[in-house]
Structure formats: C-alpha cells, structure tokens
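Try each task yourself with the structure in view, then follow the solution step by step.

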There are 2 protein chains.
Amino acid sequence: MAAPAGEAHGTQLLLELFVMLGGAKLLAEIFAWLRQPTVVGEILAGVLIGPQVLHLVAPSETSHVLAELGVIFLLFNVGLETKPSSIFKVGRMALLVAVLGVVVPMACGYLLMMAWDGNKIEALFIGTAMVATSVGITARVLADMGLLDSTAARIILGAAVIDDILGLLVLAAVASAAKGSVNIAEIATTALLALGFVAAITFLGAPALTRAAPHFRRLRAGNESFVIAILLCFGLALAGTYIGVAAIIGAFLAGMALAEAVESNHDVHQQVRGATEFLVPFFLVNIGMQLDLSVFTNRQSLLLALVMTLVAVLTKLVGCGLGAWGLGLRGAAQVGVGMVPRGEVGIVVAQIGLGVGVITESLFGAVLFMACATTLIAPPLIRPLFASQKT
Amino acid sequence: MAAPAGEAHGTQLLLELFVMLGGAKLLAEIFAWLRQPTVVGEILAGVLIGPQVLHLVAPSETSHVLAELGVIFLLFNVGLETKPSSIFKVGRMALLVAVLGVVVPMACGYLLMMAWDGNKIEALFIGTAMVATSVGITARVLADMGLLDSTAARIILGAAVIDDILGLLVLAAVASAAKGSVNIAEIATTALLALGFVAAITFLGAPALTRAAPHFRRLRAGNESFVIAILLCFGLALAGTYIGVAAIIGAFLAGMALAEAVESNHDVHQQVRGATEFLVPFFLVNIGMQLDLSVFTNRQSLLLALVMTLVAVLTKLVGCGLGAWGLGLRGAAQVGVGMVPRGEVGIVVAQIGLGVGVITESLFGAVLFMACATTLIAPPLIRPLFASQKT
C-alpha cells in the first residue's frame, strides 16, 4: 500500500532526522577512533549529507529549530556545571580577555577591508561581524574532555558572556552609524539593560534559586525540578533576546543560576543531558549544512574569505591571549584558541549589512565561510593544548 | 536597539516554545492540585493558547515536528519499561482485545453513517477512522501512576500494537474498495510485512540487543548507550512508516527490544526521560491547538460529531472490554477505557477520504472532534479505575 498523504510527510521528517543523527554519530565515532575532536566529525557530517556533497538533507525550518534548541540546551548544560563563584574568581581576567578580544578583531577587520576596497561603512560591518565569539563549540569540546572546571575554561565562559554584551554594543553603534547618526542615549540604554540582566541573574537569581530549590518538591505535577529548570532556561533565553543578548547567553546564565540549586540532583543532570545529547547533533550538522562554496565565483572572493578567516583566527588568538597573559604562555594559548570560533552572531551582523545594502552577496558568503572555518579550526587546536591537563 | 532581522525570528520561536511549555506545565500543576489527570490540563492548555481562545500560538511546522518527536519519545520510553516477555504472557488476550476492538467500532461506525445518510463508501471510511487506538495518552497516564507493569496496562500495550496492524489492513482494504477493486495480494503483502516487522524485532532483535549491550561500551564517542538507543528508536520508527505501521509503534518496539539491554542502566533511562519530558508537552498542547469548532456551522454537524464521539467511546469500551472479560468486570473496564483514545491515525484516514472526495469538510471536522474528545474523555475515567491498585 502506498503511504497515505498525511503520513508521507512524517516519513520524510523521520528520514531527515535519522540521516542527520546517524550521520553525525557515525562521523563522531570515526573521529573518536582517529583521536580527533568528535564535534569536527559532526560538523563535517553536515557538509557531507548537505547541499555541498550528497544532497540528502537541506537546511530547513525543522533543522534550524532543532539546531537552535540544541545550542540552547548545550549552553544551559554548561551553565549547570558552572557555579557563579567559580566565574567571579576569574572575573577581572575574563573582562580583560573579552575587551581585548573585541578591540583587536574589530580593528584588524576594519583595517583589512579598508585595505581591500576602502569602503568605510562596509569595513565597520565586517569588523563587527568578526567580534562575537560563539562559545558553544569550545564548551562542547571542553565538556567532552571533562575540563569545564579548569581555570582557562572558566575564563573562556566568563569572557564569552562579556564578549556577547560588547558585541551587542558595537553592533548598536555601527548600525546607527550606517543610518548616519550615532544615538548615544540608545546605546547607553542597551548597555545598562544587558549589564542589569546579567547582574540580576548572577547576584539575585542564583542565591534565590538555591534557597528556593528544596521547595520545588511541593509541586505536584511530577518531575518538578526538571520542568522548572527548562522553563527557566527558555524564559531567560527569551528574556535575553528581548534585551538584545544572544539566546544562548540567557540559557547559560539560567544554567549557572541553577548550578548550586541542583548540584546534588543527579537525575536532573542526566535528564538535561539526555535532551542535550539528542539535540546538539542537529546544531553541529546544521553548521556544516550551511557551508556554501558556490558564492565564490571568482578567485578574488575566495581569497578574501581565506584572508578574513586567517585574520579572524589570529586576532582572537593574540587579543584574548594577551588578556590571559597572566596564566603563562600555555594558559594564554588555551584561552586564545578557545575564543576563536565565531558563529551565528557574526552571520546576523552580516545579514543586517546585507539588508541595508552595505554588504554584497559575495562578502556575505565570505563571512559565512569565516564563521564555519573558525568553528572547524578551533577544536583540533583546543584538544592538544588542554590534553595534558587531563591527568 | 530594535532586534535585528535574523534574531527576530529566533525570538518568535523562543516565545512560542515558552508559551507552549509554560502553559502546559501551569495547567498540569493546576490539574494535579485538583487531583485530575495532568495530561488533560496540558491538552486544555493547547485549546486555551491556540486559535480557539487566546490566539497566542497557532499550529505550525515547528509545533508539528516537536509534537511528532514528543509522541515518538513517549512510546519509546514506555517500550523501555516493557519487557517482551511481559507482553507474551498476555498475548492471547491482547489479540482478542485488539480484534474485538477493531470489529465493533468499525461495524457500529459503518451502521451509524448508513443510518445518517446512507452513503456506503463514506460509511466505510468513517468506520475505518474509528478503528485505530492512539495509545500515547493512556500510556502517559499509566506511566504517571507508576502502573505500566499492571496486567491491564500490558494488555493495552500489546493490543495497541496489534490494533495498529489491523487498522492498517482495514485501511488498505477500504482505500482499494473506494477505487473500485480490492487487491487481495497487496493487502496480504501489507499484512505479512507488518507482522514480519513486529516479529523480527520482538523475537530476533530483542535477544540480539540484550547480548550485544555489553559491547556498546567499546564505542569511543562518549555516552554510547544513549546514542545507540535513540538511533534505534528513530531507525525503527522510520522503518515502520515505510512498511505502513505507525511511527510510534516502531518507537515502542525499539524501546521494548532494548528494555532488557538497558534495564540496569539508570543514566540511560534518565536521559531518555529528559528528552521525553521536554518534548511530550508539545505533543499534548498540539492536540489541543488543533481542536477547531468553527467547522460546526449548523446544529446538524455538531450533533453528528457528538453522536460519533459517543459511538467511538462505547464501541471500544464494549469491544475491548469483551475481549478482556477474563480479567473480571473491573479489569475489562480498565482495558476498555484504556483503548478509547483515537488519534492521528483516524485523522489520517479521514484526510485520505477528504482527498478522494468521499468525505466532506464538515464530516472531517467531526472526525477531528471525535479524536480530540476521546483523548480528553479517557484520562478522567482511567485514573479512578486504576487508582486503588496503587496501594
């Protein structure tokens, strides 16, 4: 019997999910066997099954939603392993890492584009697109290695939160500059809101939740701790996006605020881990599926993408490395490499530039390539730099 | 700063997810406090936030995907708690329950429509739409009560698998009758494939997995048991849909085949439970959101929907109850009520009828109403019937 119309859709969905999950896990297993980072295998699985090679699955509404859920759960899970106090201890250095990690890439990205074609507004947008670190990949690699509580990991996580806020402010400034006038009051409001959001969760939310946790069990509708945890995760991710902070930063802060409250609750940790492990492969595969080499119609544009990627890697390495110089050469290199991956925020910045006509299609392709490439380059560098700490 | 274009979409997504999850859990908590089944609260949350009342969220591609994932994980989770041997013990009675639970609703649905307007093909389709039990809701209620291993629960689960296959065969026969010729060879092939699928998983797959489980740990890419479990779940759900069996039956069989293999692995159970608890609310809310009262433009069509619902409830109660008569009156009532909920399969049957022009829009609305109503009616009846067993 032919599948009925309503079920054919369900079959297609299940097939896509199975190919994405199975492909990701197959390549993860091969990479683990080769002693390479499994995240790289999962991203390459996306390149393989996606429009670049096998055309099995194309990025869709569904893959985007699952990818978004995946990275939100990933950062929430990392937050659950991160007590606020462990970030406070490295707060000053994380601030320095974040500031230098914003200034150096921004300045060098700007200079690169000024040297390339001298368009000032375009150069400002590209500089901004090179600012925001996407901490998901690094967090995943360090979590896989069991090193989330190392000093370098805590600095990276703290710096990623600050980096996101700084990136938000730079974008607000550049976007208003593109319109012709910089609205200082609006930027100051954005800054205060974002800082207030982070401070409120960290200093008020976390202690309040730790005190409230024993009362969670008064709720009746079964499995109350897990339900409250994920509602808080999605609530703060949502609140973050209203303020302008990335959803994953809200999810990370939610996890961190809950870290002490659920510290001894093994089942909640395993339940969050289950949802995370199921959803994260979609996040990684989706990165790979978005890689699009067809925009590089001439040698010139490919060259720009490669140079932009090189600048993106070196500027975070040097900028963040300088900020973490107090840890010694190895520690500085760990932090620098951990901050290299760029992600959706850079792509969003380039999209805004594309929308207002400042950025061309081929330049947008270069930013997309840079985001993909920095994500793929980082894990093979992170592993050996952190490896000997494992003992 | 206004939210940039790319992020506005993300904010909308997070808002919808938060409203669905939060609404479901709020009403679940209220219903738990009123000592009513929480699933009813979560479905009513869908009615409330959906197009019928508050218009906060409409059914979308995203809500459908998450709902589908939710019910797949739900049945997989139930399968994990169900050893094949526990079903074998009640196999003969489950078969009788399934057969009578197909024949009685089919016959009475046919007679109802013949009495209503005398259209024979239409009557065959409506009879078929009243056949397939959707076991998700009952499984959830019994799992919440900790009663999945009761005799009645095992009969319901076994009967649901057989019921699904019988429904598939009835649909194949009716659909080919609508085209004018019944292809016996095709129906026999469908039957053999479906039975072979269930038998292969139960008699070959389950023992093989139980033997293979200790070797899972040779895999390198972390958390191997959970990854293999969900790949198997999606693989068999997918294979099921190719054969014509519902995806949730494939997921249930995958869970059952793994039940002994992961019996002592507490973490895998908690991880599957985490993904399930996150996704199931979308399944329940989505049922509620699909309720559409606007098709009932006249008293006549509303009356038909109500009579059809009454017939749907009584025929499963009597048919399945007769099949489980050996358990005594109370046991028979437990099984009968547990088989009452209809779901997506009945809707798909009506959709096919709509597609070939046999079923009118308002008759389709009546089937949709019947599926929703039987789902809402069952839990408040299941709870008291099973309640005293808990002690």
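**Exercise 1: helix 6 and helix 15 of chain A**

The axes of helix 6 (residues 120-129) of chain A and helix 15 of chain A cross at roughly 160° and come within 8 Å. Work out how these two helices of chain A are oriented, and which residues make the contact.

Before the solution, a word on the model: it is predicted, so local features need pLDDT of at least 70 and side-chain atom pairs count only at pLDDT 80 or more, while totals for chains, interfaces and linings use all residues. Residues are numbered from 1 along each chain as its sequence is written, and chains are lettered from A and ligands numbered from 1 in the order in which they are written.

*Solution.* 
- Step 1: Axes are lines fitted to C-alpha atoms, for helices over the stretch in contact, and angles run from 0 to 180 degrees between N-to-C directions. Helices (H or I, at least four residues) are DSSP runs, numbered from the N terminus.
- Step 2: Angles under 35 degrees count as roughly parallel, over 145 as roughly antiparallel, 65 to 115 as roughly perpendicular and the rest as oblique. Helix 6 of chain A is therefore roughly antiparallel to helix 15 of chain A.
- Step 3: Helix 6 of chain A brings Phe125(A), Thr128(A) and Ala129(A) to the contact, and helix 15 of chain A brings Gly346(A), Val349(A), Ala350(A) and Gly353(A). Residues are in contact if their C-beta atoms, placed from the backbone, lie within 7 Å.

**Exercise 2: helix 10 and helix 12 of chain A**

Describe how helix 10 (residues 224-243) of chain A packs on helix 12 (residues 266-290) of chain A.

*Solution.* 
- Step 1: The axes lie 9 Å apart, at an angle of about 50°.
- Step 2: Helix 10 of chain A and helix 12 of chain A are therefore oblique to each other.
- Step 3: On helix 10 of chain A the contact uses Ser225(A), Phe226(A) and Ala229(A), and on helix 12 of chain A it uses Val268(A), Gln271(A) and Val272(A).

**Exercise 3: helix 6 and helix 8 of chain B**

Which residues of helix 6 of chain B and helix 8 of chain B meet, and how are the helices oriented?

*Solution.* 
- Step 1: Helix 6 (residues 120-129) of chain B and helix 8 (residues 151-179) of chain B have axes 10 Å apart and an angle of about 165°.
- Step 2: Helix 6 of chain B is therefore roughly antiparallel to helix 8 of chain B.
- Step 3: Ile121(B), Leu124(B), Phe125(B) and Thr128(B) of helix 6 of chain B meet Val170(B), Leu171(B), Val174(B), Ala177(B) and Ala178(B) of helix 8 of chain B.

**Exercise 4: where the chains touch**

How many residues does each chain give to the contact, and how are the two copies related?

*Solution.* 
- Step 1: Chain A gives 59 residues and chain B gives 59 residues.
- Step 2: Among the elements giving two or more residues to the side of chain A that touches chain B are helix 3 (61-80) and helix 9 (184-212) of chain A. The largest share, 17 residues, comes from helix 1 of chain A.
- Step 3: A rotation of 180° with 0.0 Å of shift along its axis superposes chain A on chain B (RMSD 0.0 Å), by least squares on the C-alpha atoms of residues with pLDDT of at least 70 in both. The two copies are thus related as by a two-fold rotation axis.
- Step 4: The same surface serves both copies, as 100% of the contact residues of chain A recur in chain B.

How values were computed
Contact = placed C-beta atoms within 7 Å.
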